[in-house]
Amino acid sequence: MADDYLVRIGKLIRDARQHRGWTQTQLADALGTSQSAVNRIERGNQNISLEMIARIGEALDSEIVSLGYSGPMHLRVVGGRRLSGAIDVKTSKNACVALLCGSLLNKGRTVLRKVARIEEVFRLLEVLGSIGVRTRWINDGKDLEIVPPAELDMAAIDADAARRTRSIIMFLGPLLHRMDRFKLPYAGGCDLGTRTIEPHMIALRRFGLDITATEGIYHAEVEKSAGPDRPIVLTERGDTVTENALLAAARHDGTTVIRNASSNYMVQDLCFFLEALGVKVEGVGTTTLTVHGVPDIDVDVDYSPSEDPVEAMSLLAAAVVTESELTIRRVPIEFLEIELAVLEEMGLDHDRSAEYSADNGRTRLVDLTVRPSKLEAPIDKIHPMPFPGLNIDNVPFFAAIAATAQGQTLIHDWVYDNRAIYLTDLNRLGGRLQLLDPHRVLVEGPTRWRAAEMMCPPALRPAVVVLLAMMAAEGTSVLRNVYVINRGYEDLAERLNSVGAQIEIFRDI
């Protein structure tokens with residue numbers, strides 16, 4: 001066993017040295033030892049102390065070993081491989097988390113089909129379990145059953161799990177119908193700069209919710225007699241803001257009109273779910289929603305969330321940057337049409353199948369085949385807009401795509417404070433991205449990608465963009481601490497491997 005550990009440590013050291021571009025002699029010089037000693041260490045033929053491991057890690061600017069049994073997960077990517085075949089899009093992460101929050105409206109049994117098994121969902125399940133909600137995976141782990149208690153135990157809430165997900169903010173809408181006062185930990189999630197919850201508060205105050213924030217906790221009090229007497233106008237056409245307003249309106253005894261509402265994919269899925277609960281929602285897919293609330297919801301409901309358009313965009317980008325022919329099945333085309341229109345102008349060679357219905361019976365799907373293409377930079381800048389514009393979460397993928405195109409592309413990510421900065425991590429892999437300000441990046445293409453070892457950016461979509469670039473780069477790359485990717489994607493490495501990628505999951509010893 002000891003010899004096996006020495007071999008594994010030696011392999012990690014060898015990989016880190018090669019990523020640094022050093023010879024054994026150069027590492028030996030940095031350590032004040034001999035080349036033959038480094039050779040023995042890398043072959044696992046020499047005992048090595050923790051002090052020496054630390055010195056090697058410092059010399060190579062690489063964390064060689066993490067102590068403990070459950071250290072961070074890393075990915076080792078052998079790039080330069082072409083993808084081929086077909087891959088299915090999984091159900092929507094953002095819809096699934098909204099539906100988990102929405103299940104709190106229902107006193108009956110909720111079954112959600114093909115729920116994404118991702119860290120964001122797991123964190124919400126931990127929170128739900130801590131306050132008394134019974135959840136279990138059924139049908140060989142494909143589906144999720146949710147049964148609420150008669151009374152929620154908010155005093156027992158798992159604060160650590162709650163702070164690791166921004167989705168916890170969507171507990172406010174359902175909870176204001178269940179209790180007069182409660183506490184909720186601050187929302188967390190991706191590191192994307194400051195995002196105020198004031199738009200949520202403006203909408204939910206109309207339902208009698210009053211929030212005081214102190215020391216990492218939202219203290220909520222509810223005036224049960226309150227209710228909107230005129231249309232609610234959202235100050236931000238945000239997805240979670242709209243969902244929170246919908247969740248509050250669902251059990252309000254009366255009609256609620258929500259204006260400047262998001263009509264994005266996860267909002268539509270939540271509307272379809274509310275209809276399954278018996279709540280009538282008019283205007284789905286528009287910016288004005290009219291909700292006919294039901295004060296008491298006690299039904300057994302079975303619902304299938306639709307597929308994830310952002311994951312579909314991820315897979316499309318994987319095909320483009322690796323110059324591959326790949327069929328992406330079950331693409332929710334309504335929420336990818338603008339992106340495809342932009343890519344068509346850039347020269348993308350693709351075709352799509354006839355439309356068919358998702359399992360929810362409402363969302364339109366297609367199968368999309370992408371082929372290797374000679375892309376030209378778009379004339380106009382790439383920037384997000386509320387649906388039906390280019391999806392905010394799809395903007396980062398255009399950084400990798402633009403890096404493969406001929407010419408300069410301006411990307412304006414105006415929504416988030418920090419995300420554009422993370423896109424410049426592509427420069428470590430051979431990209432030529434110039435940060436003009438915290439929201440704008442100029443991308444110069446085409447790019448000759450090169451392998452590298454680096455830490456995962458702390459934001460979900462830029463992290464996946466880095467992974468895609470590593471797949472395009474000749475040689476072996478290492479992406480360290482990929483928890484943020486697991487927050488939003490289920491078995492991404494294994495699924496990419498199924499169509500020709502070579503990605504190894506590993507943990508430090």
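This note goes through the packing, the aromatic contacts and the backbone of a predicted model.

1. **Main core.** The largest nonpolar core holds 150 residues. Within this core, F171, L316, L479 and I485 have the most contacts. Helix α16, residues 460-472, gives the core its largest share, eleven residues. Nonpolar side chains tend to be buried together in soluble globular proteins.

2. **L316 within the core.** What does L316 touch, leaving out residues up to four places away in sequence? The list is I328, L336, L340, L343, L368, V370 and I401. L316 is also among the residues with the most contacts inside the largest core.

3. **Second core.** A separate core is present as well, and it has 15 residues. Its members include I9, L27, I41 and I48.

4. **Helix pair α5 and α11.** Two packed helices are described by the angle between their axes and the distance between the axes. Here α5 spans residues 93-102 and α11 spans residues 265-276. Their axes come within 8 Å and cross at roughly 35°. The crossing of α5 past α11 is right-handed.

5. **Residues of that contact.** From α5, the contact uses N94, A95, A98, L99 and G102. From α11, it uses Y265, M266, D269, L270 and F273. By type, the contact of α5 with α11 has seven nonpolar residues, two polar and one charged.

6. **Aromatic pairs.** The structure holds three aromatic pairs. One of them joins Y265 and F335. The centres of Y265 and F335 are 6.0 Å apart, with 65° between the planes. That pair is edge-to-face because planes over 60 degrees apart count as such. Y265 sits in helix α11, while F335 sits in the loop between β14 (326-332) and α13 (337-346). The two are 70 residues apart, so the pair links distant parts of the chain.7. F387 lies in the loop between β17 (364-371) and α14 (395-404). Again the pair links distant parts of the chain, with F335 and F387 52 residues apart.

7. **The cluster.** Y265, F335 and F387 make up one aromatic cluster. Are Y265 and F335 buried or exposed? Both are buried. F387 is buried too, as is F335. Y265 also takes part in the contact between α5 and α11.

8. **Cis peptide bonds.** Most residues other than glycine have a negative phi, and most peptide bonds are trans. The bond from F387 to P388 is cis, with omega near 15°. P388 lies in the loop between β17 and α14, where F387 is also found. The bond from G445 to P446 is cis as well, with omega near 0°. P446 is placed in the loop between β20 (440-445) and β21 (453-455).

9. **Positive phi at D140.** D140 is not a glycine, yet its phi is positive, near 60°. The residue sits in the loop between β4 (134-138) and β5 (143-147). Is D140 buried or exposed? D140 counts as exposed because its relative accessible area is 81%, and the cut-off for exposed is over 50%.

10. **Positive phi at N260.** N260 has a phi near 60°, a positive value in a residue other than glycine. N260 lies in the loop between β10 (255-259) and α11. Its relative accessible area is 25%, so N260 is partly exposed. The partly exposed class falls between the buried limit, under 20%, and the exposed limit, over 50%.

11. **R206.** R206 is in the loop between α9 (198-204) and β7 (209-214). R206 counts as buried because its relative accessibility is 18%, and buried means under 20%. What does R206 touch, not counting residues up to four places away in sequence? Its contacts are A226, G227, P228, D229, R230, P231 and I232.

12. **R419.** R419 belongs to helix α15, residues 419-423. At 1% relative accessibility, R419 is counted as buried. R450 is 31 residues from R419 in sequence. In space the C-alpha to C-alpha distance between R419 and R450 is 22 Å.

Terms used: Residues are numbered from 1 along each chain as its sequence is written. This is a predicted model: local features need pLDDT of at least 70, side-chain atom pairs count only at pLDDT 80 or more; totals for chains, interfaces and linings use all residues. Side-chain values use heavy atoms; hydrogens and water are left out. Axes are lines fitted to C-alpha atoms, for helices over the stretch in contact, and angles run from 0 to 180 degrees between N-to-C directions. Helices (H or I, at least four residues) and strands (E, at least two) are DSSP runs, numbered from the N terminus. A crossing is left-handed if the near helix is turned anticlockwise from the far one by less than a right angle, and right-handed if clockwise. Contact means heavy atoms within 4.5 Å. Ala, Val, Leu, Ile, Met, Phe, Trp, Tyr, Cys and Pro count as nonpolar, Asp, Glu, Lys and Arg as charged, and the others, Gly among them, as polar. A nonpolar core is a set of buried Ala, Val, Leu, Ile, Met, Phe, Trp, Tyr and Cys residues joined through side-chain atoms within 4.5 Å. Buried means under 20% relative accessible area, exposed over 50%, partly exposed in between (1.4 Å probe, protein chains only). Rings of Phe, Tyr and Trp (its six-membered ring) pair if their centres lie within 6.5 Å; planes under 30 degrees apart count as stacked, over 60 as edge-to-face and the rest as tilted.
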